[in-house]
Amino acid sequence: MTSATTSTSKATVKPAGGSVRFYGVWLIGIAALIVLPMIFSSGGSLTSFSLIGIAIVFALSYNILLGQTGLLSFGHAVHYGLGGFAATHMMNAVVSHGWPIPLPFIPLFGGLGGLVFAMIIGWVMTKRAGTVFAMISLGIGELVASSSLILRSVFGGESGITTDRTALPKLLGWSFGPQLQVYYLIAFWLVLSAIAMYALTRTPLGRICNAVRDNPERVQFIGYDPHVVRYIAFCFAGFFAGIAGGLAAINFEIANSAYLGAIQSGLVLFSTFIGGTAFFFGPILGAILVTYLQLGLTNLTTAWQLYFGIIFIGIVMYAPGGIAGLLMMHRPLIRAGTLWTVIPSYLVAIVPTVALACGVILTIETVARFAGGDAINLFGIAFNPTSPVTWIAAAILVVGGAFVARLTWRRIAEAWDRAATVARDRGYLA
Amino acid sequence: MLELIVISTLNGVLFGMLLFLLSSGLTVIFSMMGVLNFAHASFYMLGAFFGFQLTKWLGFWPALVLAPLLVGAIGMVVERYGLRNTHKHGHVAELLLTFGLAFAIEEIVSMIWGKSPLDYRVPALLDFPAFTIFSTNYPAYKIFMLAVSVIIFVALLIVLKRTRVGLIVQAALTHPHMVGHLGHNVGRVFMAVFGVGSALAAIAGVIAGPALVTQSDMAASLGPILFVVIVFGGLGSLPGAFIASLVIGLVQTFAVALDGSLASAFGPLDPSTGPSVLSDIWNVTIAQVAPIVPYMLLVLILIVRPMGLMGTRES
């Protein structure tokens with residue numbers, strides 16, 4: 001799935017000035033993390049930023065499996081959840097025993113929780129890759145999620161286990177009561193984990209992981225055991241997922257069985273894949289988008305899961321490289337200076353595509369609210385879900401939009417081919 | 001005790017045969033196209049909901065025929081316009097497509113029919129006790145379910161092993177290009193197989209709907225067990241899926257029926273610990289463990305025999 005896009009993406013030879021640009025990107029990212037809460041300082045945006053930060057760590061850890069090693073896991077939330085429980089228990093233990101461990105170190109214990117489970121279960125799981133691994137990870141995920149409801153003393157049953165982050169020893173006078181301080185804690189761990197995970201992709205281990213993903217037989221021929229490589233990658237992924245779980249436990253001050261469940265595993269798969277698995281920043285984009293959509297859509301519509309499903313299917317079918325893949329497709333065109341020939345066809349395609357999207361939204365909302373009879377408010381126009389006018393409008397938008405949009409997309413493809421040919425002639429496409 | 005054994009065996013075989021109805025479609029699709037259809041349980045759910053709706057409009061018997069046809073048609077559309085286009089991106093992309101589809105179907109179903117269980121009743125014709133065993137009335141509908149499952153199982157075996165269609169399907173499984181060169185439309189064979197697999201799942205949905213609960217999370221709760229069945233039996237093996245279905249059906253039914261725990265078995269040896277993991281394990285009843293039993297079997301088989309019961313391929 002990702003092999004074609006990835007092999008071209010990571011050139012090991014950096015051009016001159018590349019290192020300046022490389023560190024610049026990281027520094028800008030860190031600066032943005034520091035400055036953002038000063039600009040958007042409302043409680044709601046701080047909460048959103050914290051959730052997005054946790055989601056980014058989680059999605060990056062998932063990409064060690066999916067993007068780097070080619071292991072599709074349906075049970076990644078197990079490590080996240082166990083990390084969350086480990087962190088919660090650790091926090092409670094610190095408070096009850098009076099250990100001198102301040103809160104910022106707690107995510108490390110979450111990571112250890114995720115790591116230990118990965119080490120125990122991973123050896124059996126990573127024996128086989130591909131579809132079999134996917135199914136086994138699903139089974140193990142269900143096993144742990146169901147067990148969490150049985151082992152009440154550890155997992156707290158339905159209600160979960162609560163904790164109090166402010167009761168831990170203070171560090172530099174920070175009590176971590178206010179959301180702002182929690183945000184900075186999450187941002188700190190986000191930067192730390194992101195750098196560590198990026199560095200991991202640059203190590204020989206990271207390279208061998210890519211090789212195992214692309215061609216396990218050849219890896220075996222050159223003397224590595226793909227099983228061992230997959231196992232190590234699985235452990236790393238479990239560790240960083242555990243860190244994300246620990247951060248979540250600190251943020252919510254609770255760990256419950258929902259952390260471990262199939263929905264959480266599905267969400268991280270969505271984030272990572274929608275963002276794009278072939279590039280390091282793909283999962284970051286995906287986590288930001290999915291968390292933001294999730295927070296925004298749940299207020300607007302009851303059918304937000306359906307929108308996720310549709311976006312996901314669209315990405316799988318038409319842009320398997322994800323958003324990052326779509327963006328990076330344009331790089332050679334920009335370098336060759338042929339991007340301007342494509343843009344007019346993009347602009348033409350926007351109108352019917354938006355019409356199609358509106359039609360789909362209108363259809364979904366009409367069905368969703370048919371029983372309730374609430375009005376649908378789309379761009380300031382109120383639609384009544386029970387009136388035939390709405391259905392006709394939706395049908396016209398969907399059918400007409402799809403018909404015209406297909407024509408315009410074909411024109412994009414043609415313009416794109418021309419631009420790409422020129423770029424290739426100028427030596428910019430791999 | 002004997003009563004419990006007989007009734008549980010009957011129920012276990014029944015559940016096992018239902019599981020096999022589902023896993024047979026899944027297995028055939030997997031061994032043909034190499035793609036595990038994540039949305040298979042969703043087709044089962046669609047079968048149940050279509051069955052409910054058509055029963056309300058037309059009656060149960062037309063629904064039993066029409067709902068699988070409808071779902072089969074949906075399956076064929078999915079194969080033709082979804083999977084076939086995704087195939088060039090590899091099997092993982094196909095798996096992800098069906099995963100997204102399962103997500104979307106669940107949401108559409110709960111949007112149209114709501115999230116609460118439906119009042120999907122056993123048809124009046126079959127609403128009587130078939131026989132009385134140890135003072136328990138065994139419903140005729142369950143016997144009907146069992147009969148349908150067995151008939152379909154036998155029919156499937158005959159079609160796959162004894163007919164020309166089965167020959168082509170099996171050949172397309174291993175040598176698609178050769179079959180194509182011999183003048184068969186392999187794409188259409190794939191589409192038909194996917195449609196038949198989905199229709200099989202829908203039949204299971206229509207007949208299981210009245211007996212089990214018909215609601216929008218039924219796919220999500222059954223799906224994982226289905227995958228346990230086919231991994232346990234060995235991916236791509238129809239006999240393996242059959243044995244695994246029966247084993248898991250029986251084990252789970254017996255587990256639900258048993259109320260014992262370690263504490264009740266070794267009562268006098270109570271370690272008298274406080275609330276801890278050990279005391280949890282000590283006091284939990286087998287019935288409470290029932291939901292995780294299939295997954296424990298999965299872990300066990302992976303350690304002992306990674307290719308599954310009847311599987312031949314290591315990966």
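Modeller: Start with helix H9 (residues 218-233) of chain B and helix H14 (residues 293-304) of chain B, whose axes come within 10 Å and cross at roughly 30°. This is a predicted model: local features need pLDDT of at least 70, side-chain atom pairs count only at pLDDT 80 or more, and totals for chains, interfaces and linings use all residues. Residues are numbered from 1 along each chain as its sequence is written, chains are lettered from A and ligands numbered from 1 in the order in which they are written, and side-chain values use heavy atoms, leaving out hydrogens and water.

Biologist: How are H9(B) and H14(B) oriented to each other?

Modeller: Axes are lines fitted to C-alpha atoms, for helices over the stretch in contact, and angles run from 0 to 180 degrees between N-to-C directions. Angles under 35 degrees count as roughly parallel, over 145 as roughly antiparallel, 65 to 115 as roughly perpendicular and the rest as oblique. The crossing angle here is roughly 30°. That makes the two helices roughly parallel.

Biologist: What is the hand of the crossing of H2(B) and H4(B)?

Modeller: The axes of helix H2 (residues 40-58) of chain B and helix H4 (residues 91-113) of chain B come within 10 Å and cross at roughly 20°. The two are therefore roughly parallel. A crossing is left-handed if the near helix is turned anticlockwise from the far one by less than a right angle, and right-handed if clockwise. This one is left-handed.

Biologist: Which residues of H4(B) touch H2(B)?

Modeller: The contact has 10 nonpolar, 2 polar and 1 charged residues. H2(B) contributes several, including B:Phe43, B:Phe49 and B:Gln53. From H4(B) come B:Ala102, B:Ile105, B:Glu106, B:Val109 and B:Trp113.

Biologist: How is the ring pair of A:Phe49 and A:Tyr183 classed?

Modeller: Rings of Phe, Tyr and Trp (its six-membered ring) pair if their centres lie within 6.5 Å; planes under 30 degrees apart count as stacked, over 60 as edge-to-face and the rest as tilted. A:Phe49 sits in helix H3 (residues 43-69) of chain A and A:Tyr183 in helix H8 (residues 179-202) of chain A, 134 residues apart. Their centres are 6.0 Å apart and their planes at 55°, so the pair is tilted.

Biologist: Which element of chain A has the lowest mean pLDDT?

Modeller: pLDDT is the predictor's confidence in each residue, from 0 to 100. Chain A averages 83, and 92% of the residues score at least 70. Over residues 1-14 of chain A the pLDDT is below 50. The lowest mean, 41, belongs to helix H1 (residues 3-9) of chain A.

Conventions: Helix = DSSP H or I, 4+ residues; strand = E, 2+ residues; numbered from the N terminus. Contact = heavy atoms within 4.5 Å. Nonpolar A, V, L, I, M, F, W, Y, C, P; charged D, E, K, R; others polar.
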